[in-house]
Amino acid sequence: MAHFAEIDENNIVLRVVVFEDTYTESDCTVLLGGTWIQTSYNNNIRKNFAGIGYTYDSNLDAFIAPKPYNSWVLDTNSCKWEAPIEMPVGAYTWNEESLGWDEI
């Protein structure tokens with residue numbers, strides 16, 4: 001099966017649909033209208049599987065999740081957000097006020 005993400009004029013993902021493997025982005029546009037970009041459930045293309053609210057970055061050719069915290073930075077290789085401090089081993093949650101990890 002092939003997965004396609006519809007994006008709006010700001011490259012924000014509106015929805016993700018599944019078609020037969022023979023379908024293309026152009027087929028999606030003809031059938032459903034809009035602008036479509038293929039995504040991969042296994043992250044084989046475009047770094048990450050698209051989700052509603054994700055952004056498609058054409059320069060990186062990647063789908064990027066919404067930024068979880070203001071202090072986090074984008075790793076342009078994986079196109080995933082990273083905390084400014086590496087998470088310690090164990091169960092922790094990010095604390096944006098202290099800019100650190102709180103043990104759960």
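Analyst: A residue counts as buried when its relative accessible area is under 20%, as exposed when that area is over 50%, and as partly exposed in between. The model is a predicted one, and E6, with a relative accessibility of 12%, therefore falls in the buried class. E6 forms a salt bridge with R15, and the closest N and O atoms of this pair are 2.7 Å apart. R15 itself is partly exposed, because its relative accessibility is 34%.

The structure holds three salt bridges. Side chains of opposite charge can pair when their charged atoms come close. A salt bridge also joins the side chains of E25 and R46, with an N to O distance of 3.9 Å. This pair links distant parts of the chain, since E25 belongs to helix α1 (residues 25-32), while R46 sits in the loop between β3 (35-39) and β4 (55-57), 21 residues apart. R46 counts as buried at 18% relative accessibility, whereas E25, at 28%, counts as partly exposed.

R46 also forms a salt bridge with D61, where the closest N and O atoms are 2.7 Å apart. Taken together, E25, R46 and D61 are linked in a network of salt bridges.

Three strands make an open sheet in the order β2-β1-β3, and their pairing is antiparallel. The edge strands, each of which pairs on one side only, are β2 (13-19) and β3. From one strand to the next, the twist averages 30°. Strands of a sheet pair through backbone hydrogen bonds, either parallel or antiparallel. Between strand β1 (residues 2-7) and β3, the antiparallel pairing extends over five bridges, and H3 stands opposite T39 in β3. Helix α1, which contributes E25 to the salt bridge with R46, lies across β1, β2 and β3 and runs at about 140° to β3.

Definitions and conventions. Residues are numbered from 1 along each chain as its sequence is written. This is a predicted model: local features need pLDDT of at least 70, side-chain atom pairs count only at pLDDT 80 or more; totals for chains, interfaces and linings use all residues. Side-chain values use heavy atoms; hydrogens and water are left out. A salt bridge is a side-chain nitrogen of Lys or Arg within 4 Å of a carboxyl oxygen of Asp or Glu. Buried means under 20% relative accessible area, exposed over 50%, partly exposed in between (1.4 Å probe, protein chains only). Helices (H or I, at least four residues) and strands (E, at least two) are DSSP runs, numbered from the N terminus. Two strands pair if DSSP finds at least two bridges between them. Axes are lines fitted to C-alpha atoms, for helices over the stretch in contact, and angles run from 0 to 180 degrees between N-to-C directions. Contact means heavy atoms within 4.5 Å.
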